Amino acid sequence: MSKDHILTLSCPDKRGIVHAVTGVLAKHDLTVLDAQQFSDPDYSSKFFMRVHFGHADDTTHLEQPFRELADELKMDYEIVPKSHKPKVMIMVSKTGHCLNDLLFRQKTQQLNIDVPLIVSNHPDFEPLAKSYDIAFHHLPVNKDTKAEQESRILELVKEHNIDLIVLARYMQVLSPKLCSAMSGKIINIHHSFLPSFKGAKPYHQAYDRGVKIIGASAHFVTADLDEGPIIEQRVTRVDHSMSSKELVEEGSNVESQVLAAAVKWWSEKRVFLNGQKTVVFN
């Protein structure tokens, strides 16, 4: 696996892309171990591809041929070792089930990520962070200190070379400035099945409506609140006998599963932005 790599690419759709890409790999005696591709003729007219290939100690010899191919196809691409661990900052407020789930999965190698720090606007989860030997930054925030607090967040992103911010029930609206600075690099878990029941207390809204399913959505964050491209959604069945508290408990389980899946797929280079939507090779 240490010699395996992941190639991801997107470009305007046309004939011959798969042949051209795999031809470069074959010319350099590399083997395609797994490949997935998707052509989107109706929405964006773009082509997306993920290739797991091996076996190479390094890929410097591929830089020139892929640069030339990228120029020809107007292609965005990236090659990373399959073993690469992206650096993830987790942000949380006072509800910790998603944070706890992510840390456990990372510790047990279910998630191939590095978590160098946790940021929170409350001090509650500092003991949990310490138990995992992860730095904890308590950054309180109000309307008067929001700009300063978010500037500090961006400083931490730079200091730790953060690849992704995960909002694990971080209950503050991010400013357009922060959303823009980290565009495509922030994933949020929304505790309802978007686009239904936005805003505060979605499970109580669902309870009041007598719904039969509840769910959660993981999405990229944009300046438009809870309107970013959706990565994953799941639901679970509920019924008339359940209280709003029981709905919250059921919802918490779904939230943890959905967020973990989204982070896992992103870390494995399976998630592509496609305008206001995503392509996910899961």
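Domain bounds are those of an automatic or database domain assignment. The model is predicted, with local features requiring pLDDT of at least 70 and side-chain atom pairs pLDDT 80 or more, whereas totals for chains, interfaces and linings use all residues. Residues are numbered from 1 along each chain as its sequence is written, and side-chain values use heavy atoms, with hydrogens and water left out.

The assignment divides the protein into domain 1 (5-81) and domain 2 (87-280). Taken over C-alpha atoms, the centres of domain 1 and domain 2 are 31 Å apart. The contact (heavy atoms within 4.5 Å) draws 14 residues from domain 1 and 10 residues from domain 2. Between them the two domains bury about 910 Å², 58% of it on carbon and sulfur atoms; buried area is the accessible area (1.4 Å probe) that two parts lose on being put together, summed over both. On the domain 1 side, the residues losing the most area to domain 2 are Tyr43, Phe48 and Arg50, which together account for 58% of what that side buries.

Helices are DSSP runs of H or I with at least four residues, numbered from the N terminus. The axes of H7 (residues 202-209) and H8 (residues 244-267) come within 9 Å and cross at roughly 125 degrees. Axes are lines fitted to C-alpha atoms over the stretch in contact, and angles run from 0 to 180 degrees between N-to-C directions. H7 and H8 are therefore oblique to each other, the class left after angles under 35 degrees (roughly parallel), over 145 (roughly antiparallel) and 65 to 115 (roughly perpendicular). Tyr203, His204, Ala206 and Tyr207 of H7 meet residues of H8 including Leu247, Val248 and Glu255.

Notes:
Helix = DSSP H or I, 4+ residues; strand = E, 2+ residues; numbered from the N terminus.
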